[in-house]
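Here are a few quick notes to read alongside the model.

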Amino acid sequence: MSESPVLLNKHEVESLLGYDDLIPRLESVMGKFSKRDSSEIIQPVRSVVPVQQYNGFLGVMPAYLAAEGILCTKMVTFYQRAEGSSLPSTQATVLLFHPERGTVTAIMDGEAITAKRTAAVSAISAKLFKPALSEVLCILGSGQQARSHYDVFTKLFKFKEVRVWSRRKEMAQQFVNDLQDPVTVCSSVKEAVMGADVIVTATGASQPILFGKWVKPGAHIAAVGACRPDWRELDDVLMREAVVYVDSREGATAESGDIILSGAEVFAELGEVINGSFPAQREKTTVFKSLGMGIQDAVSAKLVLEKWNSEH
């Protein structure tokens with residue numbers, strides 16, 4: 001009889017998953033992914049099931065990392081909620097398996113993993129691509145991704161000013177009220193992004209909200225919303241004039257409306273820059289289009305389980 005799987009809730013995952021340990025693991029696995037060695041990493045493009053009646057989708061993100069002995073899948077729902085809805089736009093659960101036996105070893109909250117690993121990867125992109133002198137951080141959005149990005153970006157980098165915008169100003173104000181440090185609430189996207197050195201887009205937008213004419217030359221944009229081929233956050237001008245980096249070429253060309261609809265050329269994967277096979281063009285305006293990867297969930301979940309095991 002196999003042992004019962006470890007069950008970990010959102011609070012437990014958040015307390016166990018720290019950025020100092022997570023970021024190096026993500027850099028390593030993304031570098032390995034971009035080498036395209038199928039004996040090392042197997043990660044198909046996310047499978048998506050439309051739930052059209054309720055404006056939602058179910059995504060399944062499996063991954064197998066042979067060398068690390070990690071077999072994992074995340075199941076995530078993402079919904080376009082009506083304005084004022086108290087329901088989250090995304091919900092997720094991560095399952096870890098024993099690679100040899102096929103048994104489930106852990107079931108854990110996937111929202112905390114998604115928020116932290118996405119923000120950590122965005123921070124890796126900023127480390128590589130942001131202007132050498134970056135004083136102003138702008139965050140578009142006020143949900144869980146906005147908060148996780150604020151946490152890691154202000155932990156790793158020193159900004160003189162942080163601005164936030166949300167479609168509902170009261171949500172932006174609530175976001176700011178929960179923080180220790182001063183953050184400026186902006187009434188428009190234009191006001192928020194003008195002169196910003198680093199811009200995070202973490203919105204539920206399906207049409208462009210960020211326009212290239214507003215973006216400071218040389219700025220870095222980490223775009224983490226718009227995960228469907230017909231959804232967008234960024235306009236054609238920005239996508240075509242910036243140097244575009246992605247987490248996965250296959251994922252970006254299948255799922256990113258920002259890339260598909262603009263016809264923008266993907267310059268490189270983040271892992272290719274980590275490996276040194278493509279340059280980080282930080283002197284130019286750069287966009288990192290993040291869609292999320294099963295391997296990111298997998299190494300995050302393994303780290304959580306390791307920490308839990310060490311404490312029990």
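1. Let's start with the second largest pocket, whose volume is about 200 Å³. Keep in mind that this is a predicted model.

2. So who sits around that pocket? There are 10 lining residues, and Glu3, Ser4, Arg101, Val104 and Thr105 are the closest to the centre. Sorted by class, the lining of this second largest pocket comes out as 5 polar, 3 nonpolar and 2 charged residues.

3. Now find helix H3 (residues 110-129) and helix H11 (residues 294-311): their axes come within 10 Å and cross at roughly 115 degrees. Because of that angle, H3 counts as roughly perpendicular to H11. The crossing of H3 past H11 is right-handed.

4. Zoom in on where these two touch. H3 brings Ile113, Thr114, Arg117 and Val121, while H11 brings Gln296, Asp297, Ser300 and Ala301.

5. H3 has another partner to look at, helix H4 (residues 144-156), with axes that come within 8 Å and cross at roughly 45 degrees. That angle is why H3 is called oblique to H4. Here, too, H3 makes a right-handed crossing, this time past H4.

6. Which residues meet here? On the H3 side they include Glu111, Ala112, Ala115, Thr118 and Ala119, and on the H4 side they include Gln144, Ser148, His149, Val152 and Phe153. By class, the contact of H3 with H4 has 9 nonpolar, 7 polar and 1 charged residues.

Note on methods
Residues numbered from 1 in each chain as written. Predicted model: local features only at pLDDT ≥ 70, side-chain atom pairs only at ≥ 80, totals over all residues. Heavy atoms only, no water. Axes fitted to C-alpha atoms, helices over the stretch in contact; angles between N-to-C directions. Helix = DSSP H or I, 4+ residues; strand = E, 2+ residues; numbered from the N terminus. Parallel < 35°, antiparallel > 145°, perpendicular 65-115°, else oblique. Left-handed = near helix turned anticlockwise from the far one by under 90°. Contact = heavy atoms within 4.5 Å. 1 Å grid on protein atoms, 1.4 Å probe; cavity = no way out; pocket = protein on both sides within 12 Å on 5 of 7 lines; lining within 4 Å. Points joined across faces, edges and corners; volume = space filled by probe spheres on them. Nonpolar A, V, L, I, M, F, W, Y, C, P; charged D, E, K, R; others polar.
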